[in-house]
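Here is a short report on one protein chain.

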Amino acid sequence: MKKQFKALGTELFAAGKKIQIAKDGSLKLPVALEGEQEAIFVETEGGYRLIPLVPDIKRIYIEVTTKCNFDCITCIRSSWQDCLLHMEWETFENILKNLKELPDLTSVHFGGFGEPMMHPRIFDMIKAVKELGLKVEMITNGSYLLEENIKQLIDLELDTLFTSLDSPEEEAYNEIRLGADFQRVSNNIKNLQTMKQERKTKKPELGIEFVAMKKNYDQLPQLIHMAYELKANQIIVSNLIPYHESMKDEIVYDIDDTGRMFGSKSLLTTIKAQMSNMKLRTERSCKFVKDKSLCINYLGNVSPCYALMHTYHCYIYGRKKDMYACHLGNVNEKKLQEIWMDSGYVNFRRAVNENHFPSCTDCRSLDGCNYTESNEMDCWGNSPSCAECLWARQIIACP
């Protein structure tokens, strides 16, 4: 039977304030009784709406370090001011305590904007999360996939390991990922797959992530063939976010993708890879909000998504844009479920989910608009603004 809410008069509630929903469906203020569920009362264009406050986080991204042994031309480090540090163990322990209190949580991804395998206690972290019965993923540049490390990942039953591989050709790969060694990385990946076969296990499943740009886009069919030979379970093709002015003309997401981009190999490319959009589309959908995800950076700060984890600048279709971090709380100071159920964060997710923000990228008033210079605010009053998020346009992708 559908529960009905008993009207108590809207004058009792200010928009965005917490109320109480009793077991019989009535609304009560101000005392919270046993068995009641908190909600926020929101005024909308069509009337009013109740949004239950539940700790229904399903996926968490954890950035365990901002350090990396590579200096890639695609990296966010070229435009941020963050320190290069590992996450403190105390911070991770606080995260771990929070994970135990999230009933809907299913997966944890170790990633962010650093090389996770550089953290001296990454295997302890994986082990601790696996012991909670959660699915665990990690992304790596592949350089630390030495035999002993591979053995530990297999023993820990890491579910999925994504490896960044931006070219199947040695010269192009080394040009993009400065400080890297293509032969070493590709051999490490092969050894991973060989050791799994020897030990008769499918874990960790192998994923390949490819960042498309003019330097490497024509190599994508070859990369997919290489991934197929490596028995990769999935291939994610993302577009480039230029973090440095020298990269702003490397984007390929303004091409005509209606035809056969790779000739006779187009069908194979489409089938085998999870392709990002190569052109701006009308549809907008936030993966992080839809998946009920959040991100935690190396200091324990909680953000709604990857794009809002740090302060940096980037280039959107050649225009410089200042991006300011959005930190909703810190796990060293508040519980994750408290942060998640904060009325401001709930309203933010609602606005994003319902696309209650403008689309600056293809707005006819774009030229001369000061709002597009940063993500601080947009012309609809959202702060932070998601109005130029290329993740929501499915041009940028992540695991």
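## Positive phi

E157 lies in the loop between α3 (147-155) and β9 (160-164). Helices (H or I, at least four residues) and strands (E, at least two) are DSSP runs, numbered from the N terminus. Phi of E157 is near 60 degrees, a positive value in a residue other than glycine. E157 is partly exposed, with a relative accessible area of 47%. Buried means under 20% relative accessible area, exposed over 50%, and partly exposed in between (1.4 Å probe, protein chains only).

Y317 also has a positive phi, near 50 degrees. Y317 sits in the loop between β16 (312-316) and β17 (319-323). Its relative accessible area is 32%, so Y317 is partly exposed. Most residues other than glycine have a negative phi, and most peptide bonds are trans.

## Model and numbering

This is a predicted model: local features need pLDDT of at least 70, side-chain atom pairs count only at pLDDT 80 or more, and totals for chains, interfaces and linings use all residues. Residues are numbered from 1 along each chain as its sequence is written, and side-chain values use heavy atoms, with hydrogens and water left out.

## Cis peptide bonds

K203 and P204 are joined by a cis peptide bond, with omega about -5 degrees. P204 is in the loop between α5 (182-198) and β11 (205-212).

The bond from S383 to P384 is cis too, with omega near 0 degrees. P384 falls in the segment after α10 (343-353).

## Whole chain

The protein chain has 10 helices and 18 strands. Of its 399 residues, 53% count as buried. Take the contacts (heavy atoms within 4.5 Å) with a separation of 6 or more: residues 24 or more positions apart account for 68% of them.

## Helices α1 and α2

Helix α1 (residues 89-99) and helix α2 (residues 122-130) pack at about 15 degrees, with axes 11 Å apart. Axes are lines fitted to C-alpha atoms, for helices over the stretch in contact, and angles run from 0 to 180 degrees between N-to-C directions. The two helices are therefore roughly parallel, a label for angles under 35 degrees. W89, F92, L96 and L99 in α1 meet D124, M125, A128 and V129 in α2.

Which residues of α1 are buried? They are T91, F92, N94, I95, L96, N98 and L99. These pack against β5 (59-62), β7 (107-110), α2, β14 (293-296) and α9 (336-340).

## Nonpolar cores

A nonpolar core is a set of buried Ala, Val, Leu, Ile, Met, Phe, Trp, Tyr and Cys residues joined through side-chain atoms within 4.5 Å. The largest has 101 residues, and I60 and F110 touch the most other members. Helix α2 gives the most to this core, with 6 residues.

Beyond residues up to four places away in sequence, F110 touches several partners, among them F92, M125, V129 and E137. A second, separate core of 5 residues includes I176, V211, L240 and M247.

N98, in helix α1, is buried, with a relative accessible area of 7%. Leaving aside neighbours within four places in sequence, N98 contacts K334, K335, L336 and Q337.

K290 lies in helix α8 (residues 287-290). K290 is partly exposed at 48% relative accessible area. K290 touches S285 and N353, not counting residues up to four places away in sequence. The C-alpha atoms of K290 and R349 are separated by 9.0 Å, with the two residues 59 apart along the chain.

Key:
Parallel < 35°, antiparallel > 145°, perpendicular 65-115°, else oblique.
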